Amino acid sequence: MSNKKIQMIPKIECGIVIDHIPAGDGIRILEILQRDPGLKNVPITFGMNYQSNKLGTKDMLKIQKEDLCERTIQHISLVSPGVTIKRIRNFEVVEKVSIQPPIDLINLLKCLNPGCISQNEPGLKTHFVLSDPENKRVTCVYCEREFFINELSPII
Amino acid sequence: MKKHDLISMHDLTVDDIQIYLNTAARVEEIPLKDRFTLLQGKIMASLFFEASTRTRLSFEAAMYRLGGNVIGFAEQAATSISKGESFSDTIHTVENYADVIVIRHPKEGTSRHAAQISYLPVINAGDGTNQHPTQTLLDLYTIVKSFKKIEGLRIAFVGDLKYSRTVHSLLQALIKFRVNEFMLVSPDSLCLPEYLKRIETDFPVTFVETRHLEDAIPYADIIYMTRIQRERFPDQIEYEKVKDSYCLNAKMLKVAQNTLKILHPLPRVNEIAPDVDETPHAEYFQQVKNGLIMRQAILLYVFEVQL
């Protein structure tokens, strides 16, 4: 049976759809959503491995809340750059944006270098710059070390 | 007046570096007696949270040579940080007393942080294993004085290439000047970190890695020796394994090019035998002398003093 004929995740009346997630990244985005205190008790549906003309297979998330906070969107953009965020009102898409990671990542990731001042000075926000977007590498502004994004723990 | 911080070689263009080199050359031309009034009335805060001999004394001597004054401390134990004060509180306190802040600190990124929070210019005198830009500028000045050029030189770095901030800073600067071939001589455990080899350039950069100092001697225009730094090793057993990896002596230099120069940021332990001091290749004490000149140039640039 063609995957297209299978009922997709039911439509939502109002909320956010995260679409065009490369298959496999959805579970990582779900982890980010689970850490967002603003999404506690918010219904979230998650679908995996749908057919996609653009990606081959894709994951999708539907969140029954009017908006996502900026930090959560930034975290999602780091894990899976290029995913589409659609705002849904009355079952219709009213806004659609493809998200890309910011150039300056302020207090989003924890530096892995134990000798970095950002790990040792109370209250100092971490700061990375996206030094190699293609390979998802960032450089700490303080200790100047370069890391893969997925090596670093997120700051919630 | 614009705030001129000196934090990392990353922040400097070739033109910026050239300004420091030209200023240093100009400082040397000015008789000592005529320099005494250039920074009269200015105060430099010398904040050394980590032990230092050359860098601290050289900065302080540079400030005195220019007619300025110095306040500060030479170790963290003598500060309120040892009582639990935050680093940022220390900076906000000191900025009331001085016109420029010079910082050495064992944690990487400390000078960057200080420059962000202080309205005074901040000079990085070494931050952990990260950067040592004033050493790099004096190294470049020494190289230019010896060879009249930088591009095209063949440079071998020897010793602790993993933790040595002087190597990290100088390597980045040399690549800015289009030096495109390096020999890296180190034990396996002290290799140059990979992230330092991934430098974006519009020309290919070659790193030749070897464990043998003998490979570097006939090859190089400059051999940059470093000390194996006991204090950087998390595991002292690892230090004991590699501490005597390299010892350059005068006999080994018989196969060197006549123009070879040996540089070392000092202090040395046993990596350069004393008999090398007598050879025309030894340039490390000249570096010390150039350090005093370069640090005067840096201070004059900070205060926008035209020569």
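1. Start with helix α7 of chain B, where R165(B), T166(B), V167(B), H168(B), S169(B), L170(B), L171(B), Q172(B), A173(B), L174(B) and I175(B) are buried (under 20% relative accessible area with a 1.4 Å probe, protein chains only). That makes 11 of its 12 residues. Helices here are DSSP runs of H or I, at least four residues, numbered from the N terminus.

2. Some housekeeping: this is a predicted model, with local features needing pLDDT of at least 70 and side-chain atom pairs 80 or more, while totals for chains, interfaces and linings use all residues. Residues count from 1 along each chain as written, chains are lettered from A and ligands numbered from 1 in written order, and side-chain values use heavy atoms, without hydrogens or water.

3. Back to α7(B): residues 165–176 span 17 Å from first C-alpha to last, close to the expected 16 Å (1.5 Å times one less than the number of residues). After the helix comes R178(B), with a positive phi near 70°.

4. Now the interface. Chain B puts 19 residues in contact with 16 of chain A (heavy atoms within 4.5 Å). The two chains bury about 1400 Å², 42% of it on carbon and sulfur atoms; this is accessible area (1.4 Å probe) lost on being put together, summed over both. On the chain B side, K107(B), E108(B) and Y195(B) lose the most, together 38% of what that side buries.

5. Three salt bridges cross between the chains (a Lys or Arg side-chain nitrogen within 4 Å of an Asp or Glu carboxyl oxygen). One of them pairs E144(A) with R112(B), closest N and O atoms 3.2 Å apart.

Note on methods: Helix = DSSP H or I, 4+ residues; strand = E, 2+ residues; numbered from the N terminus. Buried < 20%, exposed > 50% of the residue type's maximum accessible area, 1.4 Å probe, protein only.
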